[in-house]
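Biologist: I would like to go through this model with you. Could we begin with the chains and then turn to the ligand?

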Amino acid sequence: MPAAQFDYIAPTTVDEAVAALVNGGKDTRVMAGGTDLIVKIRHRMLFPTCIVNLKRIAGLDAISVDKKNGLTIGATALLADVAANKGIRRHYPTVAEAAGATANVQVRNMGTVVGNLCNASPSADNAPTLMAMGATVDIAGPSGGRSMPLDQFFQGPGVTALETGEIVIAVRVPPPPAGSGTAYHSLSQRGKLDCSAVGVGTMIVLNDDQCTDARIIVGACAPVPMRTRAAEKMLIGKRMTDTLIRQAAQTASEETSPITDVRASASYRWKMVAVLAIRALTDARQMALRKSTSK
Amino acid sequence: MKHDISLTVNGDTYTLAVEAWRTLNEVLREDLNLTGTKLGCGSGDCGACTVIVDGKSVSSCLTLAVEMDGRRILTVEGLAPSGETLHPIQEAFIEKGAIQCGFCTPGMELSALHLLKTNPLPSDTQIRSAISGNLCRCTGYNKIVDAIAEAGRRMDPPSKTGR
Ligand SMILES: Cc1cc2nc3c(=O)[nH]c(=O)nc-3n(C[C@H](O)[C@H](O)[C@H](O)COP(=O)(O)OP(=O)(O)OC[C@H]3O[C@@H](n4cnc5c(N)ncnc54)[C@H](O)[C@@H]3O)c2cc1C
Ligand code: FES
Ligand code: FES
């Protein structure tokens, strides 16, 4: 079978990239690492007429960690660079872990965190942690720039809130609140290196041992990475005991609507959401307690 | 439309005109006759096509050749440029019996090089995680892990091994 044909542009500024997308229309596709895009083209799931490579835009791969402004991950920052970044590992350890648990070495050397989000797979390994930490995406487009919370960005499998001509230029994470703890747990067939069958990311905030805020996001068990709000509510305002964690994890599982697919059956996913939520909440509690005692 | 690119492979610079949809894997194998780089799955899963671009290991089956303009690429042929003196990684693979059919070997060796450059004396767990993107259907991996550990010892520190 002959390869699908397309043209290629490598703009050097965001404005040029946006212009190329506007001129090209909907069959012009953005590429960062290409680890989702090229696979889809090869598997004949997508037939773009033109590819706009973002990797030649200077500075778009910047990563910055700042006490006041939080973490900013540029659109072309590699999964490998996010996983290895000292500032992220120190101040946003779960963000680094999730990037490091995405795919394999080669794919992490090509693929990006922002590409993982824009691909909008319900199983995207970087989405749950970033959503739990209240991340926002910065968008550039023909009518200027805008930002939106990551949990409004995902609209369905493969569908984001981006409009024609828009690209995400960065994902930003606010500084973690005092007393917070985060964790991400996932399961997949080949260890951690293929797309996850289930993933749970969480951030909780403790004041003494009282939970004052909680976010639990489940990946791969709904059309989008999903907040389980009833489970979150059960934790807020209470002492975070093992019993309460188990009850909240069970509720989280009941809130999801997994399907059976090549990666796992629906019933397995339901069971595993509860298991992973227990692990994630327990780890997040531990991190929060450790941070408060080391102060 | 063809795009003019200039890339360096194993120290040699090539100027080529390539179609946008052709992969680095195709250009290496078909245009440059560097068939040491293999094609297995074509979708990023097996690692047989691994090459090193500007110091980073990547899957050449998912890399567009046009993107390689100005880049420096190392393939398995570049590990032993003379064709006579082998690279310590290659020697260790032979001595430890880490090669059976050999299809995974070029990719394994480049993943090994990528690891050993930043972590000369890795643990077995670190080796296994570094080659987790490289599938081998023959060896059962143990001998590959042994070979990479051995290569690391030989390459670091160079003075002890006389290299
Ligand atoms: C072998 C293999 C294993 C994998 N394992 C995992 C895994 O374990 N977990 C996981 O979550 N994923 C996995 N993936 C999927 C993929 O590697 C990740 O989703 C990766 O982060 C995608 O990033 P990219 O830069 O390569 O995206 P690309 O392929 O370049 O882009 C992905 C999509 O997003 C769009 N896009 C990219 N950047 C932007 C932007 N800045 N603005 C607007 N749109 C944009 C593209 O148009 C495309 O539709 C795997 C892939 C392979 C090949
Ligand atoms: S051929 Fe590229 S990863 Fe299998
Ligand atoms: S030696 Fe045959 S695939 Fe590895």
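Biologist: How much area do chain A and chain B bury between them?

Modeller: This is a predicted model. In it, chain A and chain B bury about 2300 Å² between them, and 55% of that is on carbon and sulfur atoms. On the side of chain A, Y8(A), R56(A) and Q106(A) supply 24% of the area buried against chain B, more than any other three residues.

Biologist: How many salt bridges are there between chain A and chain B?

Modeller: The count is one salt bridge. R42(A) pairs with E26(B), with the closest N and O atoms 3.5 Å apart. There are also 11 residue pairs in polar contact between chain A and chain B.

Biologist: Which element gives the most to the side of chain A that touches chain B?

Modeller: That is α6(A), with five residues. By class, this side of chain A has 13 nonpolar, seven polar and five charged residues.

Biologist: Turning to the ligand, why is the site of ligand 1 shared between chains?

Modeller: The site is shared because residues from both chain A and chain B surround ligand 1.

Biologist: Which residues come nearest to ligand 1?

Modeller: Of the 36 residues around ligand 1, the nearest are V30(A), T35(A), D36(A), T112(A) and D125(A). A side-chain N or O atom of D36(A) is 2.5 Å from an oxygen atom of ligand 1. For T112(A), a polar side-chain atom lies 2.7 Å from a ligand 1 oxygen.

Biologist: How much of ligand 1 does the protein bury?

Modeller: Taken alone, ligand 1 exposes 980 Å², and the protein buries 95% of that.

How values were computed:
Residues are numbered from 1 along each chain as its sequence is written. Chains are lettered from A and ligands numbered from 1 in the order in which they are written. This is a predicted model: local features need pLDDT of at least 70, side-chain atom pairs count only at pLDDT 80 or more; totals for chains, interfaces and linings use all residues. Side-chain values use heavy atoms; hydrogens and water are left out. A residue is near a molecule or strand if one of its heavy atoms lies within 4 Å of it. A polar contact is a pair of N or O atoms within 3.5 Å; within protein, one must be able to donate a hydrogen and the other to accept it, and residues adjacent in sequence count only if both atoms are side-chain atoms. Accessible areas come from the Shrake-Rupley method with a 1.4 Å probe; for residues, only the protein chains shown count as cover. Buried area is the accessible area (1.4 Å probe) that two parts lose on being put together, summed over both. A salt bridge is a side-chain nitrogen of Lys or Arg within 4 Å of a carboxyl oxygen of Asp or Glu. Helices (H or I, at least four residues) and strands (E, at least two) are DSSP runs, numbered from the N terminus. Ala, Val, Leu, Ile, Met, Phe, Trp, Tyr, Cys and Pro count as nonpolar, Asp, Glu, Lys and Arg as charged, and the others, Gly among them, as polar.
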